[in-house]
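Let's take a walk through a protein together. Have a look at the picture, then read on.

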Amino acid sequence: MNVLFIYDRFFEPEKLGEISANQEDLVLLFPLTSRESLTNAVEEGLRKRGCTVTVIQTAREIETSADTIREKYIQFIAEFPNRVLHNGKSLRDVFSIDKNLSLWWLGLVAEKNRLKTDTFDLLVQLDAVVRIVTSNGVGKIVMGCSNKRLRAALAHYTKRSGVRYETVSTRGK
């Protein structure tokens, strides 16, 4: 079986025993960390168990997703307040201060500054994961990542897609 292992800097290599992977499994590592020493330790530990291991160039995959999604995301956010109606009024009109300004554009939903909200980053990470799962015939995702929103999104995705999903504990989370 092809297994996708997603982890971040809070994963401890000592927890590799929690991952159910067999000698015949191909384990694709999806590091959400730049700590090369952690990735090396994870790779070595899984190879010692007899697994075939491939390290995905995560930054490149996420950047590809960002390039693909960015314009669609911006367009969606721009059109959304006019499409959703409340009592016959668009969200833009509901939150209107005057004819030129709506509180809608000052809120975090419309915010595009990645330093204020991580929504776009999570979206592109999820998209990159889904592309890897689809293109590599992944049958199981193992999550060793501390981000609760990403874990929840992947749990939801795996229920709908039929991909098995497991979590392993992370430090302090």
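Here is a short tour, from the overall layout to the inside.

## Before we start

This is a predicted model, so to speak of local features a pLDDT of at least 70 is needed, while side-chain atom pairs count only at pLDDT 80 or more, and totals for chains, interfaces and linings use all residues. Residues are numbered from 1 along each chain as its sequence is written, and side-chain values use heavy atoms, with hydrogens and water left out.

## The layout

The protein has 5 helices and 7 strands; these are DSSP runs numbered from the N terminus, with helices being H or I of at least four residues and strands being E of at least two. Starting at the N terminus, the order is β-β-α-β-α-β-β-α-α-β-α-β.

The radius of gyration (over C-alpha atoms) is 20 Å, well over the 16 Å that the globule rule (2.2 Å times the number of residues to the power 0.38) gives for 173 residues, so the protein is more spread out than a compact globule.

## The inside

Of the 173 residues, 38% are buried, meaning under 20% relative accessible area with a 1.4 Å probe, protein chains only.

The largest nonpolar core has 28 residues; such a core is a set of buried Ala, Val, Leu, Ile, Met, Phe, Trp, Tyr and Cys residues joined through side-chain atoms within 4.5 Å. Helix α4 (119-136) is one of the elements that supply at least two residues each, and α4 gives the most, with 7 residues. Apart from this core lies another, of 16 residues, including Phe5 and Leu46.

Note on methods:
Buried < 20%, exposed > 50% of the residue type's maximum accessible area, 1.4 Å probe, protein only.
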